[in-house]
Amino acid sequence: MDVSNCPKLTGDLNLSGCINIKEIYADGSGITSLSLPNGGYVNKLVLPRSFNNLILKGQQFLKNEGIILNDPTSLLQLNIDNCKQLDVLSLLEQCKNDFGYTVKFLRLTNVD
């Protein structure tokens, strides 16, 4: 799915029913969160500067190099459950500025 450069597309992009989706390009849009299916084949996420809420559940094919946060310091909520190929600490390290971590809500379950 490509919704790049659609700045009037704002709020939550709900793709929870799209179980076969593999790539999502949203750079330049105004979305702030993304609803993905629990499990699936996502291997690429390109997220805009406005993005602040990342929830990933059962995304077994997603690796760190497949997540591009155009402004990682805008991420306020990170919820990762059962995403075995993600290096969560490395992802969290991207979400730092001079004052510390920008993530205010962190929930990690069943991750390495």
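User: How many residues does the largest nonpolar core have?
Analyst: In this predicted model, the largest nonpolar core has 28 residues. Those with the most contacts inside the core are Leu34, Leu45, Leu54, Leu56, Leu78 and Leu86.

User: Take leucine 54. What does it touch?
Analyst: Leaving out residues up to four places away in sequence, Leucine 54 touches Leu45, Leu47, Leu75, Gln77, Leu78, Asn79 and Leu91. Leu45 and Leu78 are also among the core residues with the most contacts.

User: OK, strands. How many bridges join E5 to E7?
Analyst: Five, and the two strands run parallel. As an example, lysine 57 has aspartate 81 in E7 as its bridge partner.

User: How many bridges join E7 to E10?
Analyst: Five bridges join E7 to strand E10, residues 105–109, and this pair runs parallel. Here asparagine 79 has arginine 107 in E10 as its bridge partner. Asparagine 79 is also one of the residues that leucine 54 touches.

User: There is an open sheet of three strands too. What is its order?
Analyst: The order is E2-E4-E6, and the pairing is parallel. The edge strands are E2 (23–25) and E6, each of which pairs on one side only. From one strand to the next, the twist averages 5°.

User: How many bridges join E4 to E6?
Analyst: Three, with the strands running parallel. Leucine 45 stands opposite isoleucine 67 in E6.

User: Where do side chains point in a strand?
Analyst: In a regular strand they alternate between the two faces of the sheet.

User: What about cysteine 95?
Analyst: Cysteine 95 is in no disulfide either. The nearest cysteine sulfur there belongs to cysteine 83, 15 Å away.

User: Is cysteine 95 buried or exposed?
Analyst: Buried, because its relative accessibility is 0% and the cut-off for buried is under 20%.

User: And how exposed is cysteine 18?
Analyst: Cysteine 18 has a relative accessible area of 32%, so it counts as partly exposed. That class lies between the buried cut-off, under 20%, and the exposed one, over 50%.

Methods:
Residues numbered from 1 in each chain as written. Predicted model: local features only at pLDDT ≥ 70, side-chain atom pairs only at ≥ 80, totals over all residues. Heavy atoms only, no water. Core = buried A, V, L, I, M, F, W, Y, C linked by side-chain atoms within 4.5 Å. Buried < 20%, exposed > 50% of the residue type's maximum accessible area, 1.4 Å probe, protein only. Contact = heavy atoms within 4.5 Å. Disulfide = S-S within 2.5 Å. Pairing = 2+ DSSP bridges. Helix = DSSP H or I, 4+ residues; strand = E, 2+ residues; numbered from the N terminus. Axes fitted to C-alpha atoms, helices over the stretch in contact; angles between N-to-C directions.
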